[in-house]
Protein chains: 2
Amino acid sequence: MGFIVAIAGATGAVGVEMIQVLERRQFPVDELRLLASPRSAGTTLTYNGQEIEVTVLDENSFDGCDLALFSAGSSISKKYLEACRKAGCLMVDNSSAFRMDADTPLVVPEVNPEAAKQHNGVIANPNCTTIIMLTALAPLHREVPIKRVVAATYQAASGAGHAAMVELEEGTRAYLDGKEFTPEVLPYPYAFNLFAHNSPMEENGYCEEEMKMVNETAKIMNDTTIGVHATCVRVPVLRTHAEALNVEFTDELSVERAYELLKNAPGIEVLEDRDANRWPMPLDAAGKDPVYVGRIRKDPSQKNTLDLWVLGDQLLKGAALNAVQCAEAALL
Amino acid sequence: MGFIVAIAGATGAVGVEMIQVLERRQFPVDELRLLASPRSAGTTLTYNGQEIEVTVLDENSFDGCDLALFSAGSSISKKYLEACRKAGCLMVDNSSAFRMDADTPLVVPEVNPEAAKQHNGVIANPNCTTIIMLTALAPLHREVPIKRVVAATYQAASGAGHAAMVELEEGTRAYLDGKEFTPEVLPYPYAFNLFAHNSPMEENGYCEEEMKMVNETAKIMNDTTIGVHATCVRVPVLRTHAEALNVEFTDELSVERAYELLKNAPGIEVLEDRDANRWPMPLDAAGKDPVYVGRIRKDPSQKNTLDLWVLGDQLLKGAALNAVQCAEAALL
């Protein structure tokens, strides 16, 4: 008694991970449809040892489907929502298309799993930096409400897709070889460089990625009183997002209690060797499911303030894994 | 009427920059002595088109000298301070050996140049991240006192010396070639990775680099009321340190006024194209003198708070340039 599942954008960086996450979590799949643009159709991908041909995404792709995982950009998600609804197929959408719609739940299953049940045909997968941040902060917020977070991010190439990961590697090799290299995916040279997150600027001086962290936090935590400030930076790392989080609580929360809460929280792994100044690194998290937390410090410069170092695989917990977890929360 | 100048640690990453800074700023040098350990002695370096042989640093190296720029580690600075004093030679020391000594001025010439005159034979060059941060913050603090800074850093390999820069490049090439690589200079693999600043941990959970930002800020700004919280992270960048600074002031300071102050401040260049989401990047600053500032934003999550993106060449303003500027402030 499984489901007919479709993945729209199956050949992208996130799509490929979705296939593997379904397999690894033994999601009950009776049939898996891999969908992509005509450019990518015809290739085959492996699921549970079975070769599946990628077919062209169209209006009929969802007939008979129970679940469609979308990771093909906002415009594609918008284009096919009605087709999914007509087919009675739940869309779990990794784009930002519906995230802030009032009737669309925005879900991090460790934080607000109950919201997944109240969908109107689509569940939105939050922004990757937001998922990673809130997986770590929610257990603390439940104990002592958070007043304000100052976040500085160290974001990987994968957030801009597979082509950005390739560009980082190729641009870096060219740099080492002393060769010219013109970036085409990202706006600036990436080799041994970093730059503000390449999303459109808003009026207030924040970029879209930063405002996602502000707005999505309020919606997921169902709390508009939490202040969030974010500086989002792309660093030359392949697939792990790291975040330095300075968190002011409304009352005291001890470092010891924070560790205890996080060690017992779902989806989190505390990884550190304090005396050795060894904390989670992108290489630890790449290809792994948990959100890694370490370096919880009492910040003496402000009352009721702790500082955390948090990271997670952008393609997994930041995207594919969270999407499959949303489907589990809604359907299983 | 010039000076006899010595550079201790002349063959190191900072030492080599010191030679070039002296030349570029036309510091009045009558004689330049390049000093290093026996291992590096015998090589020649060029100053003003003149080949100078590197000689072994010893007790007699400073006889007749007016100025010695030290960048050879704390123990070497401590070992030769008395020799410098006896010779009547001013030491400008890039190590942390004397920074917090009550009778040693700790100087960023754009911030507290007057302190350079009150030396007792040695002027301490501050920590690189602190220099870069305070060059940008001092003009704002003079207008409206700062209450608290939350800093997250993106620090380059150069802070760990030339060997770390080479290790970053070699480790990255090995990664791209799929070859094994064991880091020997830095504690962790650096290719497409990042990790907490590799300085010893203190009791409070902060590493030494972070506590330098706290303690040196109080001394340089001559103000113990400024709260500083820092998270220091090494990113795979060669020689520019970047810093995300969230700054709470004691009263309102507008974004416009902050830009005006920084555009007119010494040692600073405002570099940005707001609409294009284009801010200073490590590649902009590498090999350049100024501290680059951009992305000044009003932080709506807290009263009287601005956010800045600041970066500077770690070897220049973070070390060699600031040291030569200290000598200028004291001697010229």
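In what order do the strands of the open sheet of six strands in chain B run? The order is S10-S8-S12-S15-S14-S13, with mixed pairing; two strands pair if DSSP finds at least two bridges between them. The model is predicted: local features need pLDDT of at least 70, side-chain atom pairs count only at pLDDT 80 or more, and totals for chains, interfaces and linings use all residues. Residues are numbered from 1 along each chain as its sequence is written, while chains are lettered from A and ligands numbered from 1 in the order in which they are written.

**The sheet**

- Strands (E, at least two residues) and helices (H or I, at least four) are DSSP runs, numbered from the N terminus.
- S10 and strand S13 (268-270) of chain B are the edge strands, each pairing on one side only.
- On average, neighbouring strands are turned by 25° against each other, direction ignored.
- S8(B) and S12(B) run antiparallel and are joined by eight bridges.
- B:Ile146 has B:Phe249 in S12(B) as its bridge partner.

**Helices across the sheet**

- Helix H3 (residues 128-143) of chain B lies across S8, S12, S13, S14 and S15 of chain B, at about 40° to S12(B).
- Helix H8 (residues 316-331) of chain B lies across S12, S14 and S15 of chain B, at about 65° to S15(B).
- Axes are lines fitted to C-alpha atoms, for helices over the stretch in contact, and angles run from 0 to 180 degrees between N-to-C directions.

**Contact between the chains**

- Chain B gives 47 residues to the contact and chain A gives 47 residues; two residues are in contact if their C-beta atoms, placed from the backbone, lie within 7 Å.
- Elements giving two or more residues to the chain B side include strand S8 (146-154), helix H4 (162-176) and strand S12 (240-249) of chain B.
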